[in-house]
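I opened the model and kept short notes on what I looked up. The entries follow in the order in which I made them.

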Amino acid sequence: MIAGSGRCFYHPDRSGIGICVECKRVICTECTTQFEGINRCATCLAARLAEAKKLIERNDWSAGSLFLALVSVTAIFGFVWGVAALFGR
Ligand SMILES: [Zn+2]
Ligand SMILES: [Zn+2]
């Protein structure tokens with residue numbers, strides 16, 4: 001346990017009301033953020049938001065992977081159809 005827990009990590013004069021899931025620091029009402037229903041301190045939320053932003057910027061792969069998924073599904077169905085046609089007779 002962190003020494004002096006029960007006090008906000010960022011505000012030693014305030015009592016903590018929660019623990020950040022990322023850094024496990026005790027945080028006060030002002031420092032706690034509810035993002036995706038999870039308690040995080042402002043520092044970790046900022047880091048998480050920056051990460052999410054990076055993911056969004058790299059999001060151009062999603063169209064490509066959707067196309068790839070469609071192609072592979074078509075290929076699998078084509079294969080199954082072919083096998084079924086072979087053994088169907
Ligand atoms: Zn944190
Ligand atoms: Zn605080």
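I looked up α1 and found that, of its 16 residues, the number buried is zero, so α1 lies largely in the open. Buried here means 20 or more other C-beta atoms within 10 Å of a residue's own; exposed means 12 or fewer, partly exposed is in between, and C-beta atoms are placed from the backbone. I then checked the length of α1, residues 42-57: at 1.5 Å a residue it should span 22 Å, and its end C-alpha atoms are 22 Å apart, which agrees. The expected span is 1.5 Å times one less than the number of residues.

Entry two, the source. This is a predicted model, in which local features need pLDDT of at least 70 and side-chain atom pairs count only at pLDDT 80 or more, while totals for chains, interfaces and linings use all residues. Residues are numbered from 1 along each chain as its sequence is written, and chains are lettered from A and ligands numbered from 1 in the order in which they are written. I noted that pLDDT is the predictor's confidence in each residue, from 0 to 100. The chain averages 86, and 90% of the residues score at least 70.

I read the pattern β-β-β-β-α-α along the sequence. Helices (H or I, at least four residues) and strands (E, at least two) are DSSP runs, numbered from the N terminus.

I found β3 and β4 (residues 38-41) running antiparallel and joined by four bridges; strands pair if DSSP finds at least two bridges between them. Thr 32 has Cys 41 as its bridge partner, and Thr 33 stands opposite Arg 40. Two residues lie between the strands, and Glu 36 takes a positive phi near 60° in this hairpin.

Most residues other than glycine have a negative phi. I noted that Lys 24, not a glycine, has a positive phi of about 60°. Lys 24 lies in the loop between β1 (18-19) and β2 (26-27). Is Lys 24 buried or exposed? Lys 24 is exposed, with 12 other C-beta atoms within 10 Å.
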